[in-house]
Amino acid sequence: MSTPKENENWILSFYRTSEISGALFFGRLAKSLRVPAIQRDMTKHFADESQHAWIWTKAIHDLGMKPQNLNIAYQDKYIEVAGMPTNLMEVLAITQVFEKRVIGQYSHHRSMPGLDPVIHQAITTIMEDEKWHIQWIGDALKGLEAEYGVELIQSTLKKFSDADREVYATSLKEHEDRISELFVKQKR
Ligand SMILES: [Fe+2]
Ligand SMILES: [Fe+2]
């Protein structure tokens, strides 16, 4: 078992790494996408994830810690389980599932009793953007219904939700374990 400080450092470094991976993923998409409305929102999305990476980097330093280099590639795990997204609709669907997972993690963490105000503020700021991410991707998926069909979009979302649960239950269980340990410590 790790000390609360070690767990905190790991978890915040995990968030930082995830936000950097998200920024790189959406940055590449923003660079290659040609559909104007989606290109615009994807670019803002990429900029937000970059900002989130900075918010965590700063928070870790403000708390007197150093970010850990974690070798976690969330998106790679999804792709291993569900297969590579092959078109724009699939990319948006995988992103929607991923964003919902992220906001769930943040909201759970923010509910921790006695949470340091630095962490509370970072999560609150980031969650505002994450809500918009879910919103714009939902709208963009709606806009693709005529092209792909509602049923295919729904089944694609389900395929990635199943993959998400599998990835989380196996490869990414460490986050859940560490945050549970922190919750237990805070209650004592
Ligand atoms: Fe983010
Ligand atoms: Fe996001």
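A helix here is a DSSP run of at least four residues, numbered from the N terminus. I am working from a predicted model.

**Entry 1: Thr43**

I looked up Thr43 and found it in helix H2. Is Thr43 buried, exposed or partly exposed? I counted 16 other C-beta atoms within 10 Å of Thr43. A buried residue needs 20 or more, and an exposed one has 12 or fewer. Thr43 is therefore partly exposed.

I then checked Thr43 against Phe26. The two are 17 residues apart in sequence. In space, their C-alpha atoms are 7.3 Å apart.

**Entry 2: H2 against H5**

Two packed helices are described by the angle between their axes and the distance between the axes. I looked up both values for H2 and H5. Their axes come within 10 Å, and the crossing angle is roughly 165 degrees. Angles over 145 degrees count as roughly antiparallel, so H2 is roughly antiparallel to H5. I noted the crossing of H2 and H5 as left-handed.

Which residues of H2 and H5 meet? From H2 I listed, among them, Ile38, Asp41, His45, Ile55, Trp56 and Ala59. The H5 residues they face as a group include Val118, Ala122, Asp129, His133 and Trp136. Sorted by class, this contact has 10 nonpolar, four polar and four charged residues.

**Entry 3: H4 against H5**

I next turned to helix H4, residues 88–110, and helix H5, residues 117–143. Their axes come within 9 Å and cross at roughly 155 degrees. With the cut-off at 145 degrees, H4 is therefore roughly antiparallel to H5. The crossing of H4 and H5 is left-handed. By class I found 13 nonpolar, seven polar and five charged residues in the contact of H4 with H5.

**Entry 4: nonpolar cores**

How many residues does the largest nonpolar core have? I found 17 residues in it. Leu12, Tyr15, Trp56, Ala59 and Ala122 have the most contacts inside this core. Trp56 and Ala59 were already on my list for H2, and Ala122 on that for H5.

I checked which elements give two or more residues to this core, and they are helix H1 (4–32), helix H2 (36–62) and H5. H2 gives the largest share, seven residues.

I also found a second, separate core, with 14 residues. Ala82, Ala93, Val102 and Phe160 are among its members.

Technical notes. Residues are numbered from 1 along each chain as its sequence is written. Chains are lettered from A and ligands numbered from 1 in the order in which they are written. This is a predicted model: local features need pLDDT of at least 70, side-chain atom pairs count only at pLDDT 80 or more; totals for chains, interfaces and linings use all residues. Axes are lines fitted to C-alpha atoms, for helices over the stretch in contact, and angles run from 0 to 180 degrees between N-to-C directions. Angles under 35 degrees count as roughly parallel, over 145 as roughly antiparallel, 65 to 115 as roughly perpendicular and the rest as oblique. A crossing is left-handed if the near helix is turned anticlockwise from the far one by less than a right angle, and right-handed if clockwise. Ala, Val, Leu, Ile, Met, Phe, Trp, Tyr, Cys and Pro count as nonpolar, Asp, Glu, Lys and Arg as charged, and the others, Gly among them, as polar. A nonpolar core is a set of buried Ala, Val, Leu, Ile, Met, Phe, Trp, Tyr and Cys residues joined through C-beta atoms within 7 Å. Two residues are in contact if their C-beta atoms, placed from the backbone, lie within 7 Å.
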